[in-house]
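Here are my notes for anyone opening this one for the first time. Have the model on screen while you read.

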Amino acid sequence: MKFGFKGFEEVFEKLDRLNADMKKITEEALEKSFEAVTPGIQAAIEPHHDSGQTEKSLVTTPEIKWDGTRGNVKVGFNIE
């Protein structure tokens with residue numbers, strides 16, 4: 001999942017001046033977003049239960065990964 005908007009750097013600078021912990025704020029937002037989306041995904045695949053492989057591949061725990069100042073969380077399925 002990815003969030004972006006114009007003026008992010010300006011907002012980041014303002015929050016930095018307020019001593020806001022941007023990493024913590026970002027991680028909380030990504031976790032809440034994950035929690036908002038995942039139950040709907042799970043409900044949508046339940047009627048399509050054939051082998052159960054898709055259900056088993058559903059990402060059920062948010063794992064925040066950082067690449068510099070960008071935080072990411074995978075949602076949906078981890079099918080390999």
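1. Start at I64. Which residues is I64 in contact with, leaving aside its neighbours within four places in sequence? They are E27, L30, E31, N72 and V73, where contact means heavy atoms within 4.5 Å. V73 is also the bridge partner of I64 in β2.

2. A word on what you're looking at. This is a predicted model, where local features need pLDDT of at least 70 and side-chain atom pairs count only at pLDDT 80 or more, while totals for chains, interfaces and linings use all residues. Residues are numbered from 1 along each chain as its sequence is written, and side-chain values use heavy atoms, with hydrogens and water left out.

3. Buried means under 20% relative accessible area, exposed over 50%, and partly exposed in between (1.4 Å probe, protein chains only). In soluble globular proteins, nonpolar side chains tend to be buried together.

4. Now the overall plan. The chain has three helices and two strands, in the order α-α-α-β-β from the N terminus. Helices (H or I, at least four residues) and strands (E, at least two) are DSSP runs, numbered from the N terminus.

5. β1 (residues 64–67) and β2 (residues 70–73) run antiparallel and are joined by four bridges; two strands pair if DSSP finds at least two bridges between them. Their hairpin has two residues between the strands, and G68 takes a positive phi near 70° there.

6. Helix α2 (residues 22–45) deserves a slow look. Its 24 residues reach 34 Å from first C-alpha to last, close to the 34 Å expected at 1.5 Å a residue; the expected span is 1.5 Å times one less than the number of residues. Which residues of α2 are buried? M22, L30, S33, F34, T38, I41 and I45 are, and the buried residues of α2 pack against α1, α3 (53–56), β1 and β2.

7. Take T38, in helix α2. Why does T38 count as buried? Because its relative accessible area is 10%. Not counting residues up to four places away in sequence, T38 touches L58 and V59.

8. Next, S57 and K56. S57 sits in the loop between α3 and β1 and counts as buried because its relative accessibility is 11%. Setting aside residues up to four places away in sequence, S57 touches G76, F77, N78 and I79. K56, in helix α3, is exposed, since its relative accessible area is 65%. K56 and N78 are 22 residues apart in sequence and 8.9 Å apart in space, C-alpha to C-alpha.

9. At the other end, G7 lies in the segment before α1 (8–17). G7 is partly exposed because its relative accessible area is 41%. From G7 to H49 it is 42 residues in sequence and 44 Å in space, C-alpha to C-alpha.

10. How many salt bridges does a search of the whole structure find? One. The side chains of E63 and K65 meet in it (3.7 Å, N to O); the term means a side-chain nitrogen of Lys or Arg within 4 Å of a carboxyl oxygen of Asp or Glu.

11. Last, the overall dimensions. The C-alpha atoms fill a box of roughly 55 × 20 × 20 Å, taken along the principal axes. The radius of gyration is 16 Å, whereas a compact globule of 80 residues would have one near 12 Å; the radius is taken over C-alpha atoms, and the globule rule is 2.2 Å times the number of residues to the power 0.38. Of the 80 residues, 19% count as buried. Among contacts with a separation of 6 or more, residues 24 or more positions apart account for 47%.
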